[in-house]
Amino acid sequence: MEQRHLGRTGLRVSRIGLGTLTWGRDTDENDAADLLKVFWEAGGTLVDTADVYGDGESEYLLGRLVDSLVPRRDLVLATKAGSVPDPERRFDGSRGHLLDALDASLTRLGTDYVDLWQVHAFDPWTPLEETLGALDLAVSSGRARYAGVSNFCGWQLAKAATWQLAAPGTRTRLASTQMEYSLLQRGVEREVLPAALDLGVGLLPSSPLGRGVLTGKYRHSTPADSRGGSEHLAPFVAPYLDETANRIVEAVATAADGLAATPLQVALAWVRDRPGVSAPIVGARNAQQLGAALSVEALSLPREICQALDDVSAPVHRYPDQDWSTL
């Protein structure tokens, strides 16, 4: 699999990443082992998790498999901290919480360091410089090699990345930002992606297949064994089952027919090759699904197909999101 630099850093990652959101909850150890082995054998390196996935079980399960199944040196392990199970305060970006969470993650993962440590979301109740100071401490102590953020809007990302660049040598530049991005969700193109491109921050798209909808599996019905058919994930899929999404899915299916490919391959190739994207993070239920996603390595979309998909899925950009002089 082709490797790419993560943002403007020396860290190289596979251009498709493996997500572990369901590990330890819907994905058991046997299935997780199959997924990790298939991913590694295909040349994949970037494996993404978080301390809250499966209430920590995702990290624990991944830690059990690393070294026993796949050499630690062959993987780029990425995890996140900052989300908390508190309805009054969903995110905690305080220095104390973040560093305690990192130590707990390292214990579950069974490793001395993570390659990429990410703040899971912006915490409006903690000064941003305190949150970023935790990233600096994690890197300077050797517990993390690189740092990034997740779910930061445009101004939040620009402020954080600029703060980290203000004193080179003493602060850790942001390597990445992880955001939902697909043909069904192009909101990052308004401000997040321009900021990332300007500041040298790599984009790691989550849900690059539109929460599974872009595979075409929901075109005629909701499969009982799909996320949309499960009790706890159905609300996650539901927003992308409207008429607007249907129109985009049909366009993807049409493009796939013309290319002798699958809708999954077309949708994933589109987002993988967007400017600023380092590696879409793919979550698969089993090794067969993952193999289908990894087969996109051989596909590059023709310019005409990309343009057609751009047109049918184009978000509405109005003042001040686009150059005011063109309005």
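Ala, Val, Leu, Ile, Met, Phe, Trp, Tyr, Cys and Pro count here as nonpolar, Asp, Glu, Lys and Arg as charged, and the others, Gly among them, as polar. The legends below describe a predicted model.

**View 1. Lining of the second largest pocket.** Sorted by class, the residues that line the second largest pocket are six nonpolar, five polar and three charged. The space inside this pocket comes to about 380 Å³. Its lining consists of 14 residues, and Val52, Ser83, Val84, Arg90 and Phe91 are the closest to the pocket centre.

View 2. Eight strands form an open sheet with parallel pairing, in the order 9-8-7-6-5-4-3-10. Strand 9 and strand 10 (281–282) are at the edges and have a single partner strand each, so one side of each lacks a neighbour in the sheet.

**View 3. Strands 6 and 7.** Strand 6 (residues 114–119) runs parallel to strand 7, and five bridges join the two. Across this pairing, Val119 is placed opposite Val149 of strand 7. Strand 7 spans residues 144–150 and is mostly covered, with five of its seven residues buried.

**View 4. Strands 8 and 9.** Strand 8 (residues 174–180) and strand 9 are also parallel, joined by five bridges. Gln178 has Leu204 in strand 9 as its bridge partner.

**View 5. The nonpolar cores.** The largest nonpolar core contains 82 residues, and Trp23, Leu36, Trp117, Leu157 and Leu174 have the most contacts inside it. Helix 9 (residues 263–272) contributes the most to this core, giving seven residues. A second core, separate and made up of 11 residues, includes Leu6, Val13, Leu46 and Leu204.

**View 6. Surroundings of Leu36.** Leaving aside residues up to four places away in sequence, Leu36 is in contact with Leu18, Trp23, Val47, Leu62, Leu65, Leu69, Val70 and Leu75. Leu36 is also one of the residues with the most contacts inside the largest nonpolar core.

**View 7. Leu214, a buried loop residue.** Leu214 belongs to the loop that connects strand 9 (202–206) with helix 7 (234–237). Leu214 counts as buried because its relative accessibility is 0%, and the cut-off for buried is under 20%. With residues up to four places away in sequence not counted, Leu214 touches Ser182, Leu183, Leu184, Pro208, Leu209, Ile248, Val249, Val252, Pro263, Leu264 and Ala267. One of these contacts, Leu184, is 30 residues apart from Leu214 along the chain, and the two C-alpha atoms are separated by 7.9 Å.

Note on methods. Residues numbered from 1 in each chain as written. Predicted model: local features only at pLDDT ≥ 70, side-chain atom pairs only at ≥ 80, totals over all residues. Heavy atoms only, no water. 1 Å grid on protein atoms, 1.4 Å probe; cavity = no way out; pocket = protein on both sides within 12 Å on 5 of 7 lines; lining within 4 Å. Points joined across faces, edges and corners; volume = space filled by probe spheres on them. Core = buried A, V, L, I, M, F, W, Y, C linked by side-chain atoms within 4.5 Å. Buried < 20%, exposed > 50% of the residue type's maximum accessible area, 1.4 Å probe, protein only. Helix = DSSP H or I, 4+ residues; strand = E, 2+ residues; numbered from the N terminus. Contact = heavy atoms within 4.5 Å. Pairing = 2+ DSSP bridges.
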